[in-house]
Protein chains: 2
Amino acid sequence: MNVAEKITVPDTRHADALRFLAADAVEQAQSGHPGAPMGMADIAQVLWRRHLSHNPADPGWFNRDRFVLSNGHGSMLLYALLHLSGYDLPLQEIRQFRQLHSKTPGHPEVGLTPGVETTTGPLGQGLANAVGMALAEKLLARRYNRPGHEIVDHYTYVFLGDGCLMEGISHEACSLAGTLGLGKLICLYDDNGISIDGDISGWFGDHTPTRFAAYNWNVIADVDGHDAAAIDAAITQAKSQASLNHPTLICCRTRIGHGAPTKAGSHDVHGAPLGADEIAAMRAARNWHHAEFELPQDIVNGWNAVKAGTMRQAAWQRDYDRWQAHYPDDARELALRLSGDIPADTLQELEALLNTSDALHSKVATRKASQLVLEAITPTLPGLLGGSADLTGSNLTNVKSSVWVNHHGQGNYLSYGVREFGMAAMMNGLALHGGFIPYGGTFLTFSDYSRNAIRMAALMKQRVIHVFTHDSIGLGEDGPTHQPIEHLGALRLIPNNQVWRPCDGEETALAWQAVLQRRDGPGCLILSRQGLTPFTRDKAQRAEIARGGYILHDTTQPQAVLIATGSEVEIAMKAASALQDEAIAVRVVSMPCVEVFFTQPASWQDQVLPPGLPRISIEAGASGFWRGVVNQGTAIGIDTFGESAPAGQLYHYFGLTPDTVCDAVRSLLKTSQ
Amino acid sequence: MNVAEKITVPDTRHADALRFLAADAVEQAQSGHPGAPMGMADIAQVLWRRHLSHNPADPGWFNRDRFVLSNGHGSMLLYALLHLSGYDLPLQEIRQFRQLHSKTPGHPEVGLTPGVETTTGPLGQGLANAVGMALAEKLLARRYNRPGHEIVDHYTYVFLGDGCLMEGISHEACSLAGTLGLGKLICLYDDNGISIDGDISGWFGDHTPTRFAAYNWNVIADVDGHDAAAIDAAITQAKSQASLNHPTLICCRTRIGHGAPTKAGSHDVHGAPLGADEIAAMRAARNWHHAEFELPQDIVNGWNAVKAGTMRQAAWQRDYDRWQAHYPDDARELALRLSGDIPADTLQELEALLNTSDALHSKVATRKASQLVLEAITPTLPGLLGGSADLTGSNLTNVKSSVWVNHHGQGNYLSYGVREFGMAAMMNGLALHGGFIPYGGTFLTFSDYSRNAIRMAALMKQRVIHVFTHDSIGLGEDGPTHQPIEHLGALRLIPNNQVWRPCDGEETALAWQAVLQRRDGPGCLILSRQGLTPFTRDKAQRAEIARGGYILHDTTQPQAVLIATGSEVEIAMKAASALQDEAIAVRVVSMPCVEVFFTQPASWQDQVLPPGLPRISIEAGASGFWRGVVNQGTAIGIDTFGESAPAGQLYHYFGLTPDTVCDAVRSLLKTSQ
């Protein structure tokens, strides 16, 4: 952009282009949210035209600034920005706003629309994703930059509204962002004083600048969100202070729906079309003499960022090439991390562990087996970023080579604090940024807290690994608040989620392998607190673990099949042995991952679970899912809350014993005769 | 307590009684958390012996101060306090800490142990429950107190730790508590600088006093948590300022495990027994010459609060009786509210609505039908407290007589802000306090955010009503982040939860009746955004709705049964009609509440779903649950994420149409022939 352009086309005209695209698209769809795009148009105009370092011609450019629209209902703002900047999002897509298979869905979806960095809509999570992205940048910069070679050097910008700030996850993520000193995280708060229920003063009385000061943030308060110069000055100040290691919150006073002659400033403009009359009046009031979806050439020119972006990326590439020449090993490592591939070394370490480790093949809690795996593979996977929501010693998520992340950006292990939801959403951001395979631990019961972020990882097809330990009543005395019952079933219900519940050390190692090798979705590892007996497998059986379910123990003419997962496999095996003494032949199937098993070819499923063979399932949790598997058979589980007592007693109290299984088999065989 | 006692038995001795009971009980159980009880013993001693207004002889005394141990892992502190104060919790129960069927489970459980006000353990929620309790007190006080008659007048005290403050829900609840001006909420923060992962400075750098100042709280910082006089002064100051309408946070600097000679101040003391040697050394160091679980008489006397409590309650009763004599109508109303009964008026209004309302029997969104119900019953139920997490106009949770709760304590409707989890946990507190039937709305997909609080309501057997609207892909353009898929199934998995998904206005009214009349657990109402066609029922059918599932449409010789819920009942009915034209006779079962249906007598279940009759289910969500119901039949559902598009298109895209159902029936009948 040259000076002449600046003078001939004022900033407000560029901002108005966003406003009209948003208003027209919502009107066309007769659905959507014009208020936030119109209220934030001036802020967006300044950020995107003067500050954002990106290249619309290559949305995947690694060192681009990340931009997150945490108030995702304002999606039309982002689509307008992407279209105008020159991303591959033609006007035809804007006209198709919110229509089936368009690239402009109701809320932004990463992977669908070029330039969208994360899927937002569930409030607060975009902000937490951005904290993860800013952390990713800081860790990578610290690891790979060298004097004179700033190859990792970008900002993470966030737009957010009152809703994001009311959500609890904003506290979790922003508190940690302050402690971690994420100085290149710059958040712009659309402080319009309105939420869906109306004037927020009745339910949101926070003094937000003070709150963020308490988090050790750099707060720039009282910025006029419709004054381009003021916004520009604030962003410039924020960027200039990045090295001081305080994230920045810029509080922008705005009017929701700014520009709408009669509706601006009211919650009516939040989530409904303005109406043809209002839009016409707005066109008149703002001297916008262009038809709907029509953009004058000077505006198009003023927005297009392809040329500048291409030059910027080319300059960075030259820097990168110089760095690569100086530090080829680092460059190879970074390339591997960015590829997301699991190196052969990792698989070899896993194989060696499986073949040689006594500890893995002893009676061992699967949480401990998981730690043995991590111990083996961590040195081979520099992108692995471990952590726990303040349960490291219980989740056993750390290893000897763990270095705690500090506010200088060093480390490979993060104590996220007691922030399950924040952890999960930050891990989504780390994965989205690239360069990391994040895993984080908490107790399975607290997957409730992080649940929607797991869902978002599944929706966004991100490899995020959840280590959920203390997976059943087997945790014992902590009692019903801590004992998962419905959690396994509930996690399995999330589309595109994979839930692994291994029964011993070997299955744990191969569950880790599966979730690491899975590139298009999250993996949940469900691990025991208590020690579990190891089983011996032949080579074929070991390979079959990856199929999600396989025959662990068989007889020539099985009369029934026992299906179990995790700690209950041992019970099934004992029952099989006891039944053998009565000349009742049963097969035992271990099914560590039902999602994988039930997407195997029918031939494999039928081989493992022959149709017609009576089925009994046993799992220390809700039986609902299993009823659909056993059909007329028996699902042994727990459908009430747990109790506080030593684990062994609880297994008896809840009837999860070999005896119960034997009774169920006898009873079922009697009925089916 | 008289002055002589004060002199002869110092405060620290009384606090040490708590310490030794906690340490000995954890040691006996070889399981539990001694650190928090020992660190907070001095604070507890001051609060419980000098301030707490309660009556151990009547734990249900309505005007008692509420005490919430939000850091519930410190349960032994609470059990020690209850035992020593004279609650019906004998020493034998303390010895049985964490054993099966004891009254001293790993985490405090309301309803199990006299004097426990709420079940705590999942961090942050106790604090949010307490905000609900304090709000309950404020609303009741404003409604029923008269000059000279302060019959509702109690404090709500909370103990909380770093974990509670890191959790996002602490932000949601405390922000709202500040805005609502809950001046009688007094929180004591156990600021020991230690969490499970160690020294918190690496992951929790908040300046907490500043943070709470931003919430408009009264903050008393830097109190020595082992100095009884300082603690006493802080609590006294907090109480004296109650009328200024600022909740109080007292930040107490403590040492975790204070008293343990070598382990105090370290995270080792958080969640593991101290060990016999350490306890012996502590006995010596603190001059505690009593065996384990042995309490000297002077300490017993100094703690016992039965006499003082009985007198306090008697004095209150005299006040109450005078108030009752002056204001008999108010007294009757309050008594009704505290009884929790649903008055006959309410049921009559529902009946009248069912018999006379055209709107209820028109094509109507069930969210709108729900509003019609609320409109009818709200005037009859003064304890009904409505609300929404900032989606009032979408959830339709408000009515004409809604008065928004303000910081003077007036109102019957609360805009909770965008705080789903906080809302759910506050509603739990409102229900636990008594005098309220809370209901709150949000979109079904955001039940993920509040999920663990719904679980806690189920575990605590509390009547809390969740109004979840926008219940499927039928919400249309907002897309996959907002379209529930797995949520219905996941909510059904929570033990003791009841999930109602009505198919039209009548079912909606009777679903409301069911959740209102349910006294021992939460109810979730799953409501449509879009209009649904009404069905006609005879009187018997209408009554059968309460059984959770019933025959909506039948034929003399059905060849198959279609089972549907909510918006899909209409699809099933259309399919039945189409099949009739082909001379295929099918029954249609509407099943608005599977939890209720599957706990009916087998005779009813068999009558509705005759064994052997092929079954096809249809529900716009995850099919997992239904596979267990249809067995060899067909479960039509959606097991992938949704899409952004108009609702009608989505139903076709996902194959939820009468045609699909007809195909499934034909195919199933062919197979089963």
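Which residues does A:Ile194 touch, not counting residues up to four places away in sequence? I found A:Asp162, A:Asp199, A:Ile200, A:Ile256, A:Gly265, A:Ser266 and A:His267, taking contact as heavy atoms within 4.5 Å.

I noted that this is a predicted model, in which local features need pLDDT of at least 70 and side-chain atom pairs count only at pLDDT 80 or more, while totals for chains, interfaces and linings use all residues. Residues are numbered from 1 along each chain as its sequence is written, chains are lettered from A and ligands numbered from 1 in the order written, and side-chain values use heavy atoms, with hydrogens and water left out.

I looked up the unreviewed UniProt entry, which lists A:Asp162, A:Asn192 and A:Ile194 under "binding site"; positions follow the numbering used here, feature names are shortened, and annotations may be inferred rather than shown by experiment. Although spread over 33 residues of sequence, they cluster in space, with a largest C-alpha distance of 7.9 Å.

I placed A:Ile194 in strand 4 of chain A and A:Asn192 in the loop between strand 3 (185-191) and strand 4 (194-195); strands (E, at least two residues) are DSSP runs numbered from the N terminus. A:Asn192 is buried at 13% relative accessibility, and A:Ile194 is buried at 14%, where buried means under 20% relative accessible area (1.4 Å probe, protein chains only).

I then checked charges over rings, which require NZ of Lys or CZ of Arg within 6 Å of the ring centre and within 35 degrees of the ring normal. The charged end of A:Lys184 sits over the ring of A:Tyr155, 5.7 Å from its centre, and that of B:Arg547 sits over the ring of B:Trp604 at 4.2 Å.

Terms used:
Helices (H or I, at least four residues) and strands (E, at least two) are DSSP runs, numbered from the N terminus. Buried means under 20% relative accessible area, exposed over 50%, partly exposed in between (1.4 Å probe, protein chains only).
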